[in-house]
Amino acid sequence: MSLTILSANELSRTYGKFQALAPTQLDLQAGEIVALTGPNGAGKTTLLLCLSGLLRPTTGQITVEGFDLYRNEREAKSRLAFVPDVPRFYPELTAYEHLRFIAMAYRAEEGFDLRAESLLREFDLWEARDLYPQSYSRGMRLKLGLLLAFIRPFRAILLDEPTSALDPDAANLVGDKLVRLRSAGTTVLLSTHSPELAQRLADRSLKMRSGHFEED
Amino acid sequence: MRAAWFVRIRQMETRFKFYLAILGYDRRDRSLTHKIYLGYAAVFFVIWGFAVMSLLASSGAVLLKNISPTDPSLAAVRLGWLALVGWGIYILFQATRRSPLVFSEEDAYLICQTPIDRRAVALAWFPADWLETALAFWAIAVVLGFSLAELRIGPKIGLVDLPQYVTTGLRALAAFLPVQLGLHALLWATGCIRLWRERGPAWLKPAALVVVGLAVISLLWVLSQSGFAAPLPPVLNIIYAPLLYPLQAGFGQMRILAGLGAGWLLGASGLVSLWLASDQLNLSRAAQETHDLEAVQAAAKSGQSDLAQELTDRRQLGIGHAPSRLPGAGGLGSLPWKDLVQSLRLIRLSDIFAWLFLAICALGIALLPSWEGRTLALAFWVIAAGQRGVSRFRRDLAQWSILRQLPFPPDTLMIADLAPAWLLVMLISGLSLLPWLWQAGDYGVAALILLPGISASVIFLGAHDILRQANVATLLVGRAPEVSARGAGLGLLLTALPLALIFWMEKNGLFLDSSLPLAVGIGLGLAYIAWRVAANALQGIE
């Protein structure tokens, strides 16, 4: 029997009279990768922002392993990670300090140094760990955004175009990492404009247009 | 020659159009009413400037009279000299560190890579930079001139005295103008010499530092003398003659023509030096040194203060840092750890002044003799405490994708993020209020007891005001709103409530002992309400 990790019920988002996201029902199971595809302005990012709690939906309820994202915020958010397409960072903290801060906030300090080194080396950021992210290239910033999620535990991860700024090797690395997460029972929802990536990784694809899901 | 001037004039035109747009003047609108409006705006600013300078001149007259009761013009000369030398030291020091010519990224590609006449570039770039600093000196000159006129004419200045009043100001301005022009051009010439070819001459930096050192010593010497306007020793009189003669002429101590001649001689020498020094100017080096600065200046001039601050911070931070060794706690304790690392990593001068201002306001509450003065100081304290208290929270909000993902409910997140600033506001204000304890025991004690509740209300209300204006789209690109006038007004109201209660009860025969607990309760209750309202606003950001 499959286990629902992330669930959205009648989720919608409007801006004034413009409906960016029509009422949506979504259930993501443990250990599956779901690709969110569709043209620009289809509502993919709005859906991810709502699911992550960064943007309050106009209607609907979101639960993570049964915990309501707004009523049981602590429990829900400690199980959920989101990586935006253009991550932003504190100007005064280096990449390594960002990882440490996130690990501390999520109480994932045990074995932090080893995990941080391993992740930084895997994503080729070890040499640049003491630099401020402002001096990083766009691809490096995206990698660091991913690492801020990977440094702490989660049951579901939402990624907004996670390979858009990456070179082919790094994109493959991210793909492999997501496959490993799936094997460990993690739920992955990623938006992408790359049909190849969706085909290679996803167990199923959800196509969006004008705020609605389309039949694929 | 023409290319450099063509580009520079276009740039100045664009900047001028921007200022006109702020005034609400649209150059495309050729209607008569629009032209009349421009004329009206020009007249308004002339009159406004005259009024402000006349107002300042009243205080200036008192200052000059106090410095030199027998001959206030001596004090005017000394103050003018002090302003010019102090500014000159700063600019000379700056000229040994970075190019005086500031180029944008576009200039770096389109001008600095071309075999354009270097002298033309230096002379074309000079006027705008000079004007920006000159305006301040012109204002100083006119205010000092008006101050002297006030002292000469007497306290009752009539319309009939206006020509003499204006002429005295213009005479001072006529003296300052060439002197400051020449000095500025000389300092630019120094900066241009540093940019000769690849490295610039080795003697320049030590020579400039010697000049700076001597100027600082002479300034300190003058400031340490008991009579501020006392005559300078002969050696300083000779060294500073090119500055002193024109100023003495401007303030009526010698014939105007002789002084102006000396002033214009300095002005012309400066411009010729700049012309000579800029021949071998390395424009690529100048562009490399200044394109970051140009971005900061452009952002600041167009009102994007957050962007200007962000760019300045980046310059100050550099590209990296060894990991912080500060111990930190897990969970909510991670937020104060982050705040502390950030605060130690980047110490902004503007932040130091803002905290100092808060301390001065609290000191004002404690020390000012009248209740009216204390009320005014309290109003400024509320605004400063609100802005200081939410300063870090604003910056955290600008990292929305990190902050909002943290596994903390909004109410606890707000407390953890605002608590360090609240403690600092309390510490600084509390220490500044201490003199009140000795001066008027009961009121001092009351102020210290009320401080936690009132400062918490003000800070939570400031946070609510920011959150009320914020939206996710702008937070995601790193822009958080500032505390608005409405937020400041509400902060004042919240502060006034418990204080008004104390005064009202005291007026009605109840002593402080009985009214204070109620006021503290109201203060803490208001803080609680402000906290809940702010937490709801954080969760409900659209």
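**The sheet in chain A.** I began with strand order. This is a predicted model. In chain A, six strands make an open sheet, and I read the order as 6-7-8-3-9-10. The pairing is mixed. I then looked for the edges. They are strand 6 (80–83) and strand 10 (212–214) of chain A, each of which pairs on one side only. From one strand to the next, the twist averages 25°.

**A helix on the sheet.** Next I checked what packs there. Helix 1 of chain A, residues 44–52, packs on the sheet. I listed its strand contacts in chain A: strand 3, strand 6, strand 7, strand 8 and strand 9 (204–209). The direction of helix 1 makes about 150° with that of strand 7 of chain A.

**Strand 8 of chain A.** I asked myself how many of the five residues of strand 8 of chain A are buried. Five of the five are, across residues 187–191, so the strand is largely enclosed by the rest of the structure. I also sorted the residues by face. A:T187, A:L189 and A:S191 are on one side, and A:V188 and A:L190 are on the other. Both faces are covered.

**Neighbours of strand 8.** I took strand 3 of chain A, residues 33–37, to begin with. Four bridges join strand 3 to strand 8 of chain A, and the two run parallel. I noted two partners. A:I33 has A:V188 as its bridge partner, and A:A35 has A:L190. Then I turned to strand 7 of chain A, residues 156–160. Five bridges join strand 7 to strand 8 of chain A, again in parallel. Here A:A156 stands opposite A:T187.

**The crossover.** I followed the chain from strand 7 to strand 8. With helix 6 of chain A (residues 168–183), strand 7 and strand 8 of chain A make a right-handed β-α-β unit. I checked where helix 6 of chain A sits. It lies across strand 3, strand 7 and strand 8 of chain A. It runs at about 150° to strand 8 of chain A.

**Where the chains meet.** I moved to the contact between chains. I count 35 residues of chain B in contact with 34 residues of chain A. Helix 12 (305–317), helix 13 (334–345) and helix 17 (400–403) of chain B each supply at least two residues of the side that touches chain A. Which helix of chain B gives the most to that side? It is helix 13 of chain B, with six residues. By class, I find 14 nonpolar, 14 polar and seven charged residues on the side of chain B that touches chain A.

**Domains of chain B.** I looked up the domain assignment. It gives domain 1 (2–299) and domain 2 (332–539) of chain B. Their C-alpha centres lie 41 Å apart.

**One cysteine.** Last, I looked at B:C361, which is found in helix 14 of chain B (residues 349–367). Is B:C361 buried or exposed? I get 22 C-beta neighbours inside 10 Å, so B:C361 counts as buried. Leaving out residues up to four places away in sequence, I find that B:C361 touches B:A377, B:F380, B:W381 and B:A384. I also checked B:Q399 against B:C361. They are 38 residues apart in sequence and 31 Å apart in space, C-alpha to C-alpha.

Terms used. Residues numbered from 1 in each chain as written. Chains lettered and ligands numbered in written order. Predicted model: local features only at pLDDT ≥ 70, side-chain atom pairs only at ≥ 80, totals over all residues. Buried ≥ 20, exposed ≤ 12 C-beta atoms within 10 Å, placed from the backbone. Pairing = 2+ DSSP bridges. Right-handed = clockwise from strand over helix to strand, strands pointing away. Domains from an automatic or database assignment. Axes fitted to C-alpha atoms, helices over the stretch in contact; angles between N-to-C directions. Contact = placed C-beta atoms within 7 Å. Nonpolar A, V, L, I, M, F, W, Y, C, P; charged D, E, K, R; others polar.
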